[in-house]
Amino acid sequence: MTTLAQVRSDAVPVKTQELRYERHETAGGGDRDPVVMLHPWFGCTRFWDHTVAALPDRERFVVDLYSLGAKSGWQEFAGPVGLSHAVEAFADALGLERFCVIGNSMGGIAAQELASRLGARISKLILVGTGTRIVGVKPVWRKAMDDWMAGEPDRAFTAQMVDALIARRPKDPKEFESFVEAVAAANKAFMGTVLKTAYDLDLRPVLPRISAPTLVVRGELDAARTPEHVAELMAGIPNVRAREISKAGHSPQVDSPEPFCPLVREFLDT
């Protein structure tokens, strides 16, 4: 498990903002395509710690999407398409000519849009707990998002939203608190605008443009996404397969790393 003390962070300028990221070099070199990881809304970069540890032979970049809302002028990036363009600018700045992308939930929406534009530059795509659109999200989760956006900043409510993403909390309570702290520290106006923009987005028309081999992963106990969301992705993406992880939640990389990480590694290495 990667600890905060072991993480090396940096940032690249993206117009008026900075996009922060963590860079994990390979353990022993190699020429495999690097992996870019995009966290869910109400999640954070720490959600990928197990996945980072499972891929030591690849260079890994864990992107902090919340950093795009840290300064004034964030409106351009406050939506899945804006997030996607920021990630493209990040990849350009670091000279990533060909790379893999793993996106969870909102990160997965941005990843779809990115892959639909970059073509063969994305070598593998993994979509976790996500869909082509917000329509059809489970009513309880949709109401929780609406209530969170309408209310004042509330750490307890934020903790509930984070908790809903995972079927089981980490054994160490401090790890869960680090998740909550990251979400609570983000610009709530930016986060809310991203969600509102996502409500109006439908990526079904662009899915056929995704050329990367794609793996769609859903947790059996996902509190937000349904099998119908998986079906829409399967119907639109040309080269796609899907797997459901038993007893896993919206973010199986956190609550079910034992089945999730080998699945990811096998797909990337095939």
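## Surface and overall build

The protein exposes about 11,300 Å², and carbon and sulfur atoms supply 52% of that area. Keep in mind as you look around that this is a predicted model. Ten helices and eight strands make up its secondary structure elements.

How does the radius of gyration compare with that of a compact globule? A compact globule of 270 residues would have a value near 18 Å, and the protein has 17 Å, so the two agree. Along the principal axes, the C-alpha atoms fill a box of roughly 50 × 40 × 40 Å.

## Burial, contacts and charge

Of the 270 residues in the protein, 57% are buried. Among contacts with a separation of 6 or more, 78% link residues 24 or more positions apart.

The charged side chains number 32 positive and 35 negative. The centres of these two sets lie 2 Å apart.

In soluble globular proteins, nonpolar side chains tend to be buried together. Here, the largest nonpolar core has 73 residues, and Trp 41, Phe 42 and Phe 90 have the most contacts inside it. Helix α3 (residues 106–118) gives this core its largest share, seven residues. Apart from it lies another core, of 20 residues, including Met 37, Val 62, Cys 100 and Ile 245.

## A closer look at Trp 148

Next comes another tryptophan, Trp 148, which sits in helix α4 (residues 139–150). Is Trp 148 buried or exposed? Its relative accessibility is 5%, so Trp 148 counts as buried, the cut-off for that being under 20%.

Which residues does Trp 148 touch, not counting those up to four places away in sequence? They are Phe 42, Phe 157, Thr 158, Met 161, Lys 188, Met 191, Gly 192 and Leu 195.

Ala 54 belongs to helix α1 (residues 49–54). Ala 54 and Pro 262 are 208 residues apart in sequence, yet their C-alpha atoms are 7.7 Å apart in space. Beyond neighbours within four places in sequence, Ala 54 is in contact with Cys 261 and Arg 265.

Conventions:
Residues are numbered from 1 along each chain as its sequence is written. This is a predicted model: local features need pLDDT of at least 70, side-chain atom pairs count only at pLDDT 80 or more; totals for chains, interfaces and linings use all residues. Side-chain values use heavy atoms; hydrogens and water are left out. Helices (H or I, at least four residues) and strands (E, at least two) are DSSP runs, numbered from the N terminus. The radius of gyration is taken over C-alpha atoms; the globule rule is 2.2 Å times the number of residues to the power 0.38. Buried means under 20% relative accessible area, exposed over 50%, partly exposed in between (1.4 Å probe, protein chains only). Contact means heavy atoms within 4.5 Å. Accessible areas come from the Shrake-Rupley method with a 1.4 Å probe; for residues, only the protein chains shown count as cover. Lys and Arg count as positive and Asp and Glu as negative; His and the chain ends are not counted. The place of a charge is taken as NZ of Lys, CZ of Arg, CG of Asp or CD of Glu. A nonpolar core is a set of buried Ala, Val, Leu, Ile, Met, Phe, Trp, Tyr and Cys residues joined through side-chain atoms within 4.5 Å.
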